[in-house]
Amino acid sequence: MSDESDVEKKLKDERAGKGEKLKALGVNPWGNGFRPEHLAGEILAKHEHDTAEQLDAAKPGPYSIAGRVVSVRDFGKAGFIVVQDRSGALQVHVKKDALGDAGFALYKLLDVGDFVGIRGTAFRSKSGELTLAAAEYRPLTKTLRAPPGKFSAEIKLTPEQAERVKVAVAAVSAAIDAEADPAKRQKVSDDAVAAQQALLKDDAVAAKAIPQAVAKAWAEKQALADTEERYRRRYVDLLSNAGVREVFLKRTKLVQFIRRFLDARGYLEVETPMMHPLVSGAAARPFITRHNTYDIDLYMRIAPELYLKRLVVGGFDRVYEINRNFRNEGVSTKHNPEFTMLEFYEAYATYHDLMDLTEEMLSEAAVHVTGGVKVKYGEHTIDFGKGWPRIPMRQAILDRVKDLGADDFKDVAKLRAVALRKAETPADKAAVATMNVGEATALLFEQYVEHELINPTFITEFPVENSPLARRNDDNPAITDRFELFCMGREIANAFSELNDPVDQEQRFRGQVEAKARGQQETMDYDADYIRALEHGMPPTAGEGIGIDRLCMLLTDSHSIRDVILFPLLRPQA
RNA sequence: GGGAGCGUAGCUCAAUUGGCAGAGCAAUGGACUCUUAAUCCAUAGGUUGAAGGUUCGAUUCCUUCCGCUCUCACCA
């Protein structure tokens, strides 16, 4: 990770030297102009069921593909290489007979990781793998740096087979890890593979996949594992770890699904400012940036909420935005300074309608991204199947704190006393001592309930104190028409019927300004223009925000937000 | 910001109480025209994250710094 070592320079020089030799043979090592007409995955699918004899008779093709060489097995005057493009990986057989002396000399200058173009016909190798017999070999890009360790190629299996193979691979890995002597590991591995294959003899395909899967597991282990290097040089991580590619493909699928889901319901996708003159829409500390010509400071947005609601005032009564928010706060496995948020607003809907919508959207998203409503996350299985519980916050607390009664929610002293039981530091205890009923209720929820909510659960009836933009409940002015969705002990969504009473909103803004004056850092500014917009009339509206990164973590079994963000923020290296 | 842990060859990892820094893969040279973690023979590859200290001797013990991971706090 430090400066380039002599070894690194030497390895690079060796590859650069092969580039020079290519030039001497009349080939630009970074040339252009090869236009592949087919994809590896396409060719594999087309001939999936063709036998070796059928292919020998038909000689289908010629096909042309281009991609990165992820594996080379050389036999002197012939060799097998595996070429990977965006669709998958296809084996190619090169031999001196077919390419001629000149063409074969180019192949001899190949390094793993280079890009090549291949033209040839399809056949099945003796071991049954669909392979392209290269009639033309074109070096396309010489790579100066070797990929880290082994590439891992894709293997196609049904989910059931994949699960059985996974169990078998785990057994083989355990056997290998138990053998301390590296020299004996090969034999241990062979024996374990044979044993696992015997167990799966009822499923020939799965049994056959075991050695490949073991190889893949081994390759993943040989590939880039250093977390820092993976995050700093994501391109290397992506090109060497198939599992990482899969996670980000799933992320894209998730976002595409959400767009289609909302588009189909008449929502309009919009883009609102990322640079705000005021801090608004959430309780968070902002990044400050500067515009030179206007000579003003601006805040990177912490939420798009007030702009989206202005659009509802303007008549776009179903809008959504999927975009970045920026919060100048701590970094952790669950927090990145910039993160992606879905916010959507629907006029004439209530927060009850949004619970229905959310349940539908996320259960369908789970199926779309993972193939089913039951999603594995670490030790747990999350069930996204519809019928999620909807529990008022106070009820959720009462269910778990047995010596608390419904009437105690009027008694701030009693609430503080219960909260004190879990307050550990002196600072926590001091904070509890000054809390009002709403704040204490919210704290009790965090202390006793939040972490226990594994399957998706709606919590409703939030105290008005920490909901400055939400509509008051008609029957109980102490609570708001709001819910948050919890899953795996984390907040996934936050929604409420919007406050559209300009007078009430003005008072709540003033409350925020006063809190700021008292020294509270995470408050909203007074937004006079937003009040003015409400004075023009916002129809009754419900709105919701969903953290896309965290949802993506749940659906991809990722345990750090950095595993679902392509380029997470890291401290620059000295 | 607090606490705990980690950093050894290009990659993945070893190194006994503080006693000659090793292995597999990758690389280099050679053999090999159906391999798929190809195989076989040979070779080379290191400022053990950085700086300082203790010691006859430090990858190992101590201090400081850099980076990362986990965790707590703030937060979504």
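Predicted model: local features only at pLDDT ≥ 70, side-chain atom pairs only at ≥ 80, totals over all residues.
Biologist: What do the strands build here, and in which order?

Modeller: Five strands close into a barrel. The order is β1-β2-β3-β5-β4, with mixed pairing.

Biologist: How are neighbouring strands turned against each other?

Modeller: By 55 degrees on average, ignoring direction.

Biologist: Take β4. Is strand β4 largely enclosed or open, and why?
Modeller: Largely enclosed by the rest of the structure, because seven of its ten residues are buried. Strand β4 covers residues 115–124.

Biologist: Which sense does the pairing of β1 and β4 have?
Modeller: Antiparallel, over six bridges. Strand β1 spans residues 63–74. Gly-67 stands opposite Val-116 in β4.

Biologist: And how many bridges pair β4 with β5?
Modeller: Ten, again in the antiparallel sense. Strand β5 is residues 130–141. One spot to look at is Gly-117, which faces Arg-138 in β5.

Biologist: What do β4 and β5 form, and what about the turn?
Modeller: They form a hairpin with five residues between the strands. Gly-128 sits in that turn and has a positive phi of about 100 degrees.

Biologist: Other side of β5 now. Do β3 and β5 run parallel or antiparallel?
Modeller: Parallel, joined by three bridges. Strand β3 is residues 88–95. His-93 has Ala-133 in β5 as its bridge partner.

Biologist: Switching to helices. Where does α4 lie?
Modeller: Across β2, β3 and β5. Helix α4 is residues 96–107, and β2 is 78–85. The helix runs at about 30 degrees to β5.

Technical notes
Residues numbered from 1 in each chain as written. Chains lettered and ligands numbered in written order. Buried ≥ 20, exposed ≤ 12 C-beta atoms within 10 Å, placed from the backbone. Helix = DSSP H or I, 4+ residues; strand = E, 2+ residues; numbered from the N terminus. Pairing = 2+ DSSP bridges. Axes fitted to C-alpha atoms, helices over the stretch in contact; angles between N-to-C directions. Contact = placed C-beta atoms within 7 Å.
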